[in-house]
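Hi there,

Here is the structure I promised to send over.

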Amino acid sequence: MEKYSVSKLLGSTAGYVGYEEGGMLTNQLLRKPYSVILFDEVEKAAPEVLNILLQMLDDGRITAANGTLVDCSNCIVIMTSNLGAQFINLSEEGKVAPEVKEQVMGVVRSHFRPEFLNRISATVVFNRLSRAAISKICKLRLKEIEHRFETNGKSIKLNVDESAVYYLSQNGYSPDLGARPLNRLIQSTILNHLAVMILNGQVKDKEEVVITTDSNGIIVVPNHEVDDSMDLDVDGWTDDADEDHDKIVKLKLKEIEQRFETNGTSIKLSVDESAVHYLYQNGYSPDLGARPLNRLIQNTIWNPLVAMILNGQVKDEEEVVITTYDNGIAIFPNHEVDDSVVCDDADDSDDDLYFEI
């Protein structure tokens with residue numbers, strides 16, 4: 001919480017916008033005096049926010065910006081912190097040793113003022129997450145998926161075997177990050193595939209889906225064959241999948257046809273896989289991404305193709321074959337050069353049957 005967060009909690013002072021509206025904390029406590037208040041990662045709070053907690057923990061009340069006295073005596077205040085977590089991460093799995101607790105509390109005492117710590121009734125140092133706890137969290141997350149289906153009007157049950165739970169528990173837990181990576185793993189290995197299977201008709205409403213493992217990882221077993229009317233490509237569809245560069249190349253080539261159509265010309269490009277591969281290999285850079293691809297297509301296809309059109313070698317409503325030749329792009333003309341209209345960029349030799357770059 002930043003310094004200005006005080007006005008959010010207690011309300012704006014007189015003369016400022018929102019003065020009559022009150023603060024988020026004070027308004028909620030006035031409505032629900034019997035509450036549990038959670039301050040997550042309280043070590044990040046500004047000193048001004050901690051001053052509010054001092055009054056709340058000591059007097060059992062706080063004063064709103066508009067002067068209203070708010071009773072907090074019936075509230076339970078819980079504060080969490082990551083201070084000293086580095087010592088817990090270095091400890092062995094299970095209960096935290098007394099010396100580790102003392103190291104953690106030493107960091108806490110060095111961060112917070114004594115008068116603040118003296119107003120806290122109890123301080124609990126949590127143990128490291130055990131494998132059993134991770135498994136329980138995993139099952140809880142999988143149960144949430146079923147609830148999400150119910151929220152969207154579907155009743156789909158997940159039959160997750162122990163091997164899948166073990167895989168998720170082993171690969172979704174990090175000593176440094178805790179169980180946070182588990183959500184991403186469930187998203188990439190289960191949710192993404194399950195969503196596509198539903199769209200493909202492989203999983204339908206009021207059915208049970210079996211989730212297990214093989215040598216490669218998690219498997220979501222479909223209940224039906226793919227519905228051809230709703231065929232979506234699920235292979236490799238994960239959050240970490242690389243860009244399909246071939247599709248990018250083909251999309252750019254499709255844009256050339258659209259540019260011709262915009263200018264009233266209907267010319268189709270028949271581009272073989274060797275040309276697509278060449279463009280991808282030479283038009284992609286790890287540093288620049290696919291940006292050089294536009295320039296490569298401009299130089300190797302668009303410019304020569306325009307010259308061929310001007311020379312009469314390619315005409316309206318025709319198809320142009322684009323392939324590779326001698327480690328470069330080759331565009332095959334459909335006609336001899338029209339001598340009445342010759343473009344300097346075109347090669348008018350009768351021996352050449354292609355325009356090579």
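Let me start with helix α7 (residues 131–151), which holds both Lys 143 and Glu 146, three residues apart, or about one turn of the helix. Helices here are DSSP runs of H or I with at least four residues, strands are runs of E with at least two, and both are numbered from the N terminus. The side chains of Lys 143 and Glu 146 meet in a salt bridge at 3.4 Å, N to O; the term stands for a side-chain nitrogen of Lys or Arg within 4 Å of a carboxyl oxygen of Asp or Glu. Lys 143 is partly exposed at 43% relative accessibility, whereas Glu 146 is buried at 6%. Buried is under 20% relative accessible area, exposed is over 50%, and partly exposed is in between (1.4 Å probe, protein chains only).

Before going on, a word on the model and its numbering. This is a predicted model, in which local features need pLDDT of at least 70 and side-chain atom pairs count only at pLDDT 80 or more, while totals for chains, interfaces and linings use all residues. Residues are numbered from 1 along each chain as its sequence is written, and side-chain values use heavy atoms, with hydrogens and water left out.

The structure holds 11 salt bridges. Among them is Lys 157 with Glu 150, at 3.6 Å, N to O; Lys 157 is partly exposed at 37%, and Glu 150 is partly exposed at 42%. Another pairs Lys 250 with Glu 273 at 3.4 Å, N to O. Lys 250 sits in helix α10 (residues 245–262) and Glu 273 in helix α11 (residues 273–283), so this pair ties together parts that are 23 residues apart in sequence.

Val 36, Leu 38, Ile 76 and Ile 78 make a nonpolar surface patch of about 390 Å² (patch residues have over 30% relative accessible area and no salt bridge, and nonpolar side chains are joined within 5 Å). Strands β1 (36–39) and β4 (76–79) each give two or more residues to this patch. Within β1, Leu 38 is exposed at 55%. Phe 39, also placed in β1, is buried at 7%. Phe 39 and Thr 80 are 41 residues apart in sequence and 6.5 Å apart in space, C-alpha to C-alpha.

Happy to go through any of this with you.

Best wishes

Terms used: Patches are made of residues with over 30% relative accessible area and no salt bridge: like charges are joined within 9 Å, nonpolar side chains (Val, Leu, Ile, Met, Phe, Trp, Tyr) within 5 Å. Accessible areas come from the Shrake-Rupley method with a 1.4 Å probe; for residues, only the protein chains shown count as cover.
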